[in-house]
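Please consider the structure shown here. The paragraphs that follow lead through it step by step.

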Amino acid sequence: MKAFLIDPFKEIVTEVQLKPKDYRHISKHLECDFFTVVYPPDIDKDVVYVDDEGIYIRDQKFFMFKGVPTPLAGYGLVVGTTESSDSCDPVTPLADIISLVDFEETKGIRWINT
């Protein structure tokens, strides 16, 4: 199954392969133990998985996704969803995902360890 990996460290979005019905493969791509889902309003039937604890990582990088009001921390993974909430190939083409992601707007955001 295909998915689109948003890499804020390299500032690119690329197609990757996922093992269907294997949450560990999502965690592997996101480089995290726990992930959460974001539902951007501008992509139909697709979701973005992100590190649930990404905001707490020192020297983290961020990205913006059109329609989502806050920066997203770490890697993002765009995956399609079926009506029964199973994962599938994204409906939105890669070129459209690229146009919805912004790395420039998050420049200068830094994690401050207190």
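Predicted model: local features only at pLDDT ≥ 70, side-chain atom pairs only at ≥ 80, totals over all residues.

Two strands are said to pair if DSSP finds at least two bridges between them. Strand β9 covers residues 101-102, and its pairing with β5 is antiparallel over two bridges. Strand β5 also has an antiparallel partner in β6, residues 72-73, to which two bridges join it. There, Phe 62 has Ala 73 of β6 as its bridge partner. Six residues lie between the strands in the hairpin of β5 and β6, and Gly 67 in this hairpin adopts a positive phi near 95°.

Are the faces of β5, which spans residues 62-65, covered or open? Both are covered: Phe 62 and Met 64 are buried on one side, and Phe 63 and Phe 65 are buried on the other.

Attention now turns to helix α1. Its buried residues are His 25, Ile 26, Ser 27, His 29 and Leu 30. These buried residues pack against the strands β1 (2-7), β2 (12-17), β3 (35-38), β4 (46-51) and β7 (76-81). His 25 belongs to this helix, which runs over residues 23-30. Because its relative accessible area is 13%, His 25 counts as buried. Leaving aside residues up to four places away in sequence, His 25 touches Gln 17, Leu 18 and Lys 19.

At the start of α1, a side-chain oxygen of Asp 22 comes to within 3.1 Å of the backbone nitrogen of Arg 24. Asp 22 also forms a salt bridge with Arg 24, with the closest N and O atoms 3.1 Å apart. Side chains of opposite charge can pair when their charged atoms come close. The structure holds one salt bridge. Asp 22 is buried, because its relative accessible area is 18%, whereas Arg 24 counts as exposed at 55% relative accessibility. Just after the helix, Glu 31 takes a positive phi of about 55°.

The cysteines remain to be considered. A disulfide is a covalent bond between the sulfur atoms of two cysteines. With a cut-off of 2.5 Å between the sulfur atoms, the count of disulfides comes to zero. Cys 32 is buried, because its relative accessible area is 10%. Cys 88 has a relative accessible area of 21% and is therefore partly exposed.

Methods. Residues numbered from 1 in each chain as written. Heavy atoms only, no water. Buried < 20%, exposed > 50% of the residue type's maximum accessible area, 1.4 Å probe, protein only. Helix = DSSP H or I, 4+ residues; strand = E, 2+ residues; numbered from the N terminus. Contact = heavy atoms within 4.5 Å. Salt bridge = Lys/Arg side-chain N within 4 Å of Asp/Glu carboxyl O. Polar contact = N/O pair within 3.5 Å; in protein donor to acceptor, adjacent residues only side chain to side chain.
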